[in-house]
Amino acid sequence: MTRLNVLIVDDDESIVKTLCMTVTSLGHRAAGASSAEQALHELARGEFDFLLTDLRMEGMSGVELVGEARHLRPSLVCVVMTAFAAFDNAVSAIRAGAWDYLPKPFDTEQLEHLLDKVSQIVGLRKENEELRAPSYFSGLSSPASLELRILVERLSPSEATVLLSGETGAGKTALARTIHNLSPRADGPFVEVICSSLADTLFESEVFGHVRGAFTGAVKDKPGKFELAEGGTLFLDEIGELSASSQARLLQFLENRTVERVGSNQAKRLDVRVIAATNKELAALVQQGNFREDLYYRLNVFECRVPPLRERREDIPFLARRFLQEAARRNALVEEPCLPGEILAKLCLYEWPGNMRELRNAMERAAVLAAGREVAVGDFPAGLAAALEPASGREGSGTPRFPTLRDVEEAHIRRVLGMGVSMERAAEMLGINSVTLWRKRKEMMGRENGGN
């Protein structure tokens, strides 16, 4: 059963409290709101799978809430509770985006049955998203990530050697696994070698293998990483750290697809695809004479530059929330911390020199220290916290303005529309329907012409 994050909305606070207790007792997480306006605030702050709302409330109705909530979170499953179980009410709710409606009064058994059905829907949806979207790209929607995804989806089915370049922590290892998983070799092994962690002689023994007696301590034959990757993919990380002799051995394999174990003169042909990665400029190393030019061109059949996080800031909100959720599960936290919108906006402005790795570690620390409450700036590592805090004693004109979530969203929409694609394609890239995109574009134009 998929554990749901449920938001319960009713203007009767005693009903909200009772339903929250019941939902929690059935193994799910629950939060409550006493108005539609408060519910929208909660939806903007936290991650929810299921919205259970009353139909008739003071102010915004349940039907109106469903419409707004679905615009805010298109994947949200919405069910309307009503003591007025008329056909017209049900139709209005479903037209607004509700999945179903629940007539009042209902008992715990009926609620449990509903939660089980929604749990199945959410679980299947998440499984389908994982199958449809490569793990590295799941949830990423920035133009830079979308361009990289298109290239990866084209090259993955081939047998071509791939060179991944990019800064430390940008996610090159995860991208290499994605390429492997999208290739015909997905059922074969994925073997990783960190070149900088092995001395020259040890590298050749580890990667190419050795025979008994090849050197002191070689008491038996040992297959190398190439042989272990037979039928699959060998990932050579930090390839720029290879010595001249190791570069020559690697070039030999790429040219004839054979390896010789250290101490042996017998060549063995292997079926292995090579993916290499580097955080250095290999072309510059070639010019300096520190990297073989012929090996560089052998590796650089397809070069994929993995953009740093500061070049795809639109991905930061999704990644921050995902890393926070993963940290909460990994550390067995009873309550998942909440990431406030104002903190998220500041995170989008930070330069992230450590890229995705730095963001993941920061969210891990924040999850543990917040432990179920709202994340504060002080929960982050000291260097990041100092960068997020405005300069002390300076307010007003001296305090930098952080963009709101609306600012970040509008900037992302403008970038996608600026790529020259159709409105339908832009909506698909943004993960929304075309009607929603038209509405958002109209609102943006209105604000540009003097509106708020």
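## Strand 3 and its surroundings

In this predicted model, L51 sits across from C78 of strand 4. Strand 4 covers residues 77–82 and pairs with strand 3 in the parallel sense. To get from strand 3 to strand 4, the chain runs through helix 3, and this β-α-β crossover is right-handed. Strand 1 is another parallel partner of strand 3.

How many of the residues of strand 3 (50–54) are buried? Five of the five are, so the strand is largely enclosed by the rest of the structure. F50, L52 and D54 point one way, while L51 and T53 point the other way.

Helix 2 (residues 36–45) has A36, A39, E42 and L43 buried. Why do they lie on the same side of the helix? Because they cover an arc of only 115° around its axis. The buried residues pack against strand 1, strand 2 and helix 3.

Further along there's an open sheet of five parallel strands, ordered 7-8-11-6-12. Strand 7 and strand 12 are at the edges with a single partner strand each, so one side of each has no neighbour in the sheet. From one strand to the next, the twist averages 20°. Helix 6 (residues 143–155) packs on this sheet, touching strand 6, strand 11 and strand 12, and its direction makes about 150° with that of strand 12.

| Strands | Bridges |
|---|---|
| Strand 1 and strand 3 | four bridges |
| Strand 3 and strand 4 | five bridges |
| Strand 8 and strand 11 | four bridges |

Among the bridge partners are V9 with T53 in strand 3, and F235 with I275 in strand 11.

Technical notes. Residues numbered from 1 in each chain as written. Predicted model: local features only at pLDDT ≥ 70, side-chain atom pairs only at ≥ 80, totals over all residues. Heavy atoms only, no water. Pairing = 2+ DSSP bridges. Helix = DSSP H or I, 4+ residues; strand = E, 2+ residues; numbered from the N terminus. Axes fitted to C-alpha atoms, helices over the stretch in contact; angles between N-to-C directions. Contact = heavy atoms within 4.5 Å. Buried < 20%, exposed > 50% of the residue type's maximum accessible area, 1.4 Å probe, protein only. Arc of directions from axis to C-beta. Right-handed = clockwise from strand over helix to strand, strands pointing away.
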